Amino acid sequence: LQDGTPVTSAEQWISQRRPEVLELFQEHVFGHRPETVPQLRTRERSCTQDALGGKAVRRELTVFFSDDDAGPSMDILVYTPVAAETPVPCFLGFNFHGNHTVDPNPAIHVTSSWVRNDAKTGTVDHQATEQSRGKSSSRWPVDMIVSRGYGLATIYYGDVDPDFDDGFKNGIHAMLESDTSVRAGNAGGSISAWAWALSRALDVLEVDPLVDGSRVSTFGHSRLGKTSLWAGATDERFAMVISNDSGCGGAALSRRRFGETVKRINTSFPHWFCINHRRYNDNEDALPVDHHMLLALIAPRPVYVASAVDDQWADPRGEMLSLYHAGPVFELLGRSGLPNDDVATVDQPIQTDVGYHIRTGKHDVTDFDWTQYLN
Ligand code: GTR
């Protein structure tokens, strides 16, 4: 505990230490999530029963965050197996380029939100085009997911908060924050905004007749993996949490200063974390938390951390050690963490009540990754 008392019982973790750790992440890393929970309005934008050659129901649900149709909204693209007789467990995750890039089917609406064409700065505003249909489909094996009996719900992250440093004027910030010109050091950045929207998507899935809202897993790659972890840490309704190559500010330990560092990430992406996080630029040892504690916030719910060999920028070893050191909290809550901190063998997943793998290849999402998540 903050006062120095060691935590020895599940009860102490749940009622005292977990809230302390959550507060530390809100104050020093991600900032507080928006507190407002608006009255959502959901409109079915499209529905087909014969997606994926008759295997899936595919729907586009527009979720309005206010009573104004012209105000902020997000489109959730949802696939569920046609054969399912009861609501299905579902993966929920953001995509980077628009729902129309997940699947080449021409019936899916091309996003009209801001899209980036520069991964590093994201400053270029332009319109998504027909040509980008399906361009991210290798990261979204919808057929495999549905064939295994699961649902998939995905949202374009640009619907919620465009990914560039604009002083928090666009996206949901303007709607949720009364004055965006004065920014508190602990006000949430874009990752908090995206995580908040995953909770709003869960609000919708909880009452969806085709999805089992008590079995929704967050999923995300890279910056959206950081988002997946933060959503799972802050919203205990998520049943499982997946981090695909989330790296610095996600699963990786900041104190290792390996690959991307706190200073580097706060400089390249000043809008992702809270302003207070900048105090730890070149000063990681002063951070009152490290990211194994972020993973511990998810316990006892399963968390899966995946790395890739050619993704040293995300510090695969640091991602694994982080999961290993979250272990004591899993144990305290009656679950098993990683059995040891031995360097993991490439392409050999380790699965207890948590999961880890390091696969061959680069910073990406592959069928190998999804196969382990489904398992
Ligand atoms: C990189 C960034 C990483 C990771 C990645 C991504 O430029 O340094 O932290 O988030 O982008 O999201 O693709």
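Contact here means heavy atoms within 4.5 Å. The model shown in these close-ups is predicted.

**View 1. F94 and its contacts in the predicted model.** Leaving aside residues up to four places away in sequence, F94 touches W140, T154, I155, Y156, Y157, V160, W194, A197, L198, F219, L224 and T227. F94 is also one of the residues that touch the most other members of the largest nonpolar core.

**View 2. The largest nonpolar core and another core apart from it.** The largest nonpolar core has 79 residues. F25, M74, I76, L92, F94, W230 and V303 touch the most other members. Which helix gives the most to this core? Helix 5, residues 190-206, does, with 11 residues. Another core lies apart from the largest one and has 20 residues. Among them are A51, V102, V146 and F219.

View 3. How many residues surround the ligand? There are 11, and the closest are S222, R223, K226, E260 and W313. By class, the shell holds five nonpolar, two polar and four charged residues. Polar side-chain atoms lie at these distances from an oxygen atom of the ligand: 2.5 Å for R223, 2.9 Å for K226 and 2.5 Å for E260. Taken alone, the ligand exposes 320 Å². The protein buries 88% of that area.

**View 4. H221 in strand 6.** H221 sits in strand 6, which spans residues 211-221. Is H221 buried or exposed? Its relative accessible area is 4%, so H221 is buried. The H221 side chain makes a polar contact with the side chain of N244, at 3.0 Å. Beyond residues up to four places away in sequence, H221 touches F96, R139, N244, D245, H363, D364 and V365.

**View 5. G318 in helix 9.** Helix 9 covers residues 316-332, and G318 lies within it. G318 counts as buried because its relative accessibility is 0%. Which residues does G318 touch, not counting those up to four places away in sequence? They are A251, A252, L253 and R256. V110 is 208 residues from G318 in sequence. From C-alpha to C-alpha, G318 and V110 are 38 Å apart in space.

**View 6. T48 in strand 1.** Strand 1 runs over residues 41-50 and contains T48. With a relative accessible area of 16%, T48 is buried, because the cut-off for buried is under 20%. The side chain of T48 makes a polar contact with the side chain of D50, at 2.5 Å. T48 also touches A56, V57 and R58, with residues up to four places away in sequence left out. R317 is 269 residues from T48 along the chain. The C-alpha atoms of T48 and R317 are separated by 44 Å.

**View 7. F168 in a loop.** Where is F168 found? The loop between strand 5 (151-156) and helix 4 (173-176) holds F168. F168 counts as buried, because its relative accessibility is 8%. S181 is 13 residues from F168 along the chain. A distance of 8.4 Å separates the C-alpha atoms of F168 and S181.

Key
Residues are numbered from 1 along each chain as its sequence is written. This is a predicted model: local features need pLDDT of at least 70, side-chain atom pairs count only at pLDDT 80 or more; totals for chains, interfaces and linings use all residues. Side-chain values use heavy atoms; hydrogens and water are left out. A residue is near a molecule or strand if one of its heavy atoms lies within 4 Å of it. A polar contact is a pair of N or O atoms within 3.5 Å; within protein, one must be able to donate a hydrogen and the other to accept it, and residues adjacent in sequence count only if both atoms are side-chain atoms. Accessible areas come from the Shrake-Rupley method with a 1.4 Å probe; for residues, only the protein chains shown count as cover. Ala, Val, Leu, Ile, Met, Phe, Trp, Tyr, Cys and Pro count as nonpolar, Asp, Glu, Lys and Arg as charged, and the others, Gly among them, as polar. Helices (H or I, at least four residues) and strands (E, at least two) are DSSP runs, numbered from the N terminus. Buried means under 20% relative accessible area, exposed over 50%, partly exposed in between (1.4 Å probe, protein chains only). A nonpolar core is a set of buried Ala, Val, Leu, Ile, Met, Phe, Trp, Tyr and Cys residues joined through side-chain atoms within 4.5 Å.
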